[in-house]
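User: I would like to learn how to read helix packing and salt bridges in a protein model. Please take me through one case.

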Amino acid sequence: MALRLFEGNDHAAAYLQYRVSPHELICRIMDYMETMMPKQLDLAVDVGCGSGQGTILLAPYFTKVVGTDVSPAQLKMAVANSIPPNVSYRQCPAGMPFASAMTAAHWFDRQKFLLEADRVLRPGGCLALLSYSMDMELEYGDVSNALNDICKEFYAALLPFRNPYLGSSSVKIYSDMFDSCPYPDKEWNECLRVKRITPLSGYIGMVETFSSYEILQQKDPAAAECLSNEARTRLMSAMKVSSPDAEVTVVVKYFYWLACKP
């Protein structure tokens, strides 16, 4: 069964502002696709596109790109963003026409999605599923280890609010889907580290877009705010800075898999 989250206007705006756009990962996927199907890159579909950060990264490679999502609020943000002329968006569930997913497949009806992807992919078409683990790291001078100890406590406090549908880690969901895909030409990649320099406030904002934080915020807004404030204060203290605008390097650990339909 597919789940519906991240549909509020505020949460959609936070997605657009704080989530990382992994252009390095898109380059890797395109290298794979161009090996498998050179000069056939007519259409890409980003299923569960959210606010469209990943969707627009596909625009330089395809004649046409379509982003689909069940959430009107997310699509409103996507449309409000700068859109290349070959990109469009449609509202529909993950089981509806087309295929390819960025940081969303763990919310889908997985078996139904794989069947639908197989139905709409032409021979030689590529299915790419990607996401990242919750354990983002920070790098800042010689205090990186101290910062990451604080981050681990931040994540641990959110763990009880993680949706049980996801289990303890999304990696297993994606690896199970990879094992279920019958295509002989497929590739699993466990970890690609993507680094971004961002204000410390941007890192906190990114964590606040996690589904576990959203659930805590819905249940107890004061507790959620207190948790964020405490993490921010402790990180600033360890960095010896007086403002959350101080820049830090955020390391996001992506995993992904690719499969080419015979």
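Analyst: The turns below go through a pair of helices and then some salt bridges. This is a predicted model, in which local features need pLDDT of at least 70 and side-chain atom pairs count only at pLDDT 80 or more, while totals for chains, interfaces and linings use all residues. Residues are numbered from 1 along each chain as its sequence is written, and side-chain values use heavy atoms, with hydrogens and water left out.

User: How is the packing of two helices described?

Analyst: Two packed helices are described by the angle between their axes and the distance between the axes. Axes are lines fitted to C-alpha atoms, for helices over the stretch in contact, and angles run from 0 to 180 degrees between N-to-C directions. Helices (H or I, at least four residues) and strands (E, at least two) are DSSP runs, numbered from the N terminus.
In this model, the axes of H6 (residues 144-158) and H10 (residues 221-239) come within 9 Å and cross at roughly 175°. H6 and H10 are therefore roughly antiparallel (the term for angles over 145 degrees).

User: Which residues of H6 and H10 make the contact?

Analyst: Contact means heavy atoms within 4.5 Å. On the H6 side the residues include Leu147, Ile150 and Phe154, and on the H10 side they include Leu227, Ala231 and Leu235. The residues of this contact divide into 11 nonpolar, 1 polar and 2 charged. Here Ala, Val, Leu, Ile, Met, Phe, Trp, Tyr, Cys and Pro count as nonpolar, Asp, Glu, Lys and Arg as charged, and the others, Gly among them, as polar.

User: How many salt bridges are found in the whole structure?

Analyst: A salt bridge is a side-chain nitrogen of Lys or Arg within 4 Å of a carboxyl oxygen of Asp or Glu. The search finds 10. One of them joins Glu116 and Arg119 at 2.8 Å, N to O. Both residues lie in helix H5 (residues 110-120), 3 residues apart, about one turn of the helix.

User: Is Glu116 buried or exposed?

Analyst: Buried means under 20% relative accessible area, exposed over 50%, and partly exposed in between (1.4 Å probe, protein chains only). Glu116, at 12%, is buried, whereas Arg119, at 55%, is exposed.

User: Where do Glu137 and Arg193 lie?

Analyst: Their side chains form a salt bridge of 3.3 Å, N to O. Glu137 is in strand S6 (residues 137-139) and Arg193 in strand S7 (residues 185-199), so the pair ties together parts 56 residues apart in sequence. Glu137 is partly exposed at 23%, and Arg193 is partly exposed at 43%. Asp135, Glu137, Arg193 and Lys253 are linked in a network of salt bridges.

Note on methods:
Angles under 35 degrees count as roughly parallel, over 145 as roughly antiparallel, 65 to 115 as roughly perpendicular and the rest as oblique.
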